[in-house]
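Subject: Structure handover: pockets and ring contacts

Hi,

Here is the structure for you to open. My notes on its pockets and ring contacts follow below.

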Amino acid sequence: RPDLNQGCVLFFRRPDSAILMSEVELYNIDPDATYEASLTAETYTPGPWKKMKGRQLQKPEITIRNRPGSALLRYKRAPISK
């Protein structure tokens, strides 16, 4: 949601998948901006929010140990400090 400066990505691992980790590329992320991101995986408990630069967020490495399994990456652009 560029209009809200935030978004989310759902990742799924199929029951027969041998792939444990994958690197994806996210678009419309400002590499020089600061973002807050939260990764929820393996459980329904939301992961902690962590600050990172956009260039780190552009290519996250996602690990899903369970088969089948899923992960949810939520991110939002941090407010600009004055």
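How does the lining of the largest pocket divide by class? It has eight nonpolar, three polar and three charged residues. Please keep in mind that this is a predicted model.

**Largest pocket**

This pocket holds about 280 Å³ of space. Its lining is made up of 14 residues. Nearest the centre are A37, L39, K50, M52 and L73. Four elements supply at least two lining residues each: β3 (34-41), β4 (50-53), α1 (54-57) and β5 (61-63). The largest share is from β3, with three residues.

**Second largest pocket**

Here the volume is about 220 Å³. The lining counts 15 residues. E42, T43, Y44, S70 and A71 lie nearest the centre of this pocket. Two or more lining residues come from each of β1 (6-13), β3 and β6 (69-77). With four residues, β6 gives the largest share. By class, the lining of the second largest pocket has nine nonpolar residues, five polar and one charged.

Note that β3 is on both lists. It gives at least two residues to the lining of the largest pocket, and two or more to that of the second largest pocket.

**Aromatic pair**

How many aromatic pairs are there? The count comes to one. An angle over 60 degrees is what counts as edge-to-face.

What does the pair tie together? Y35 is in strand β3 and Y75 is in strand β6, so the contact links parts that lie 40 residues apart in sequence.

Are these two tyrosines buried or exposed? The cut-off for buried is under 20% relative accessible area. Y35 has 4% relative accessibility, so it counts as buried. Y75 has 14%, so Y75 counts as buried too.

**A lysine over a ring**

One more contact to look at is that of K76 with W49. K76 lies over the face of W49. The distance to the ring centre is 4.4 Å.

**Where to start on screen**

Show β3 first. Find Y35 in this strand, then its partner Y75 in β6. Next, pick out K50 and M52, which are among the residues nearest the centre of the largest pocket. Then go to S70 and A71, which are among those nearest the centre of the second largest pocket. Finish with K76 over W49.

Best wishes

How values were computed:
Residues are numbered from 1 along each chain as its sequence is written. This is a predicted model: local features need pLDDT of at least 70, side-chain atom pairs count only at pLDDT 80 or more; totals for chains, interfaces and linings use all residues. Side-chain values use heavy atoms; hydrogens and water are left out. On a 1 Å grid over the protein atoms alone, a cavity is a set of points where a 1.4 Å probe fits but cannot get out, and a pocket is an open set with protein on both sides within 12 Å along at least five of seven lines; lining residues have an atom within 4 Å of a point. Grid points are joined across faces, edges and corners, and a volume is the space filled by probe spheres set on the points. Ala, Val, Leu, Ile, Met, Phe, Trp, Tyr, Cys and Pro count as nonpolar, Asp, Glu, Lys and Arg as charged, and the others, Gly among them, as polar. Rings of Phe, Tyr and Trp (its six-membered ring) pair if their centres lie within 6.5 Å; planes under 30 degrees apart count as stacked, over 60 as edge-to-face and the rest as tilted. Buried means under 20% relative accessible area, exposed over 50%, partly exposed in between (1.4 Å probe, protein chains only). A charge sits over a ring if NZ of Lys or CZ of Arg is within 6 Å of the ring centre and within 35 degrees of the ring normal.
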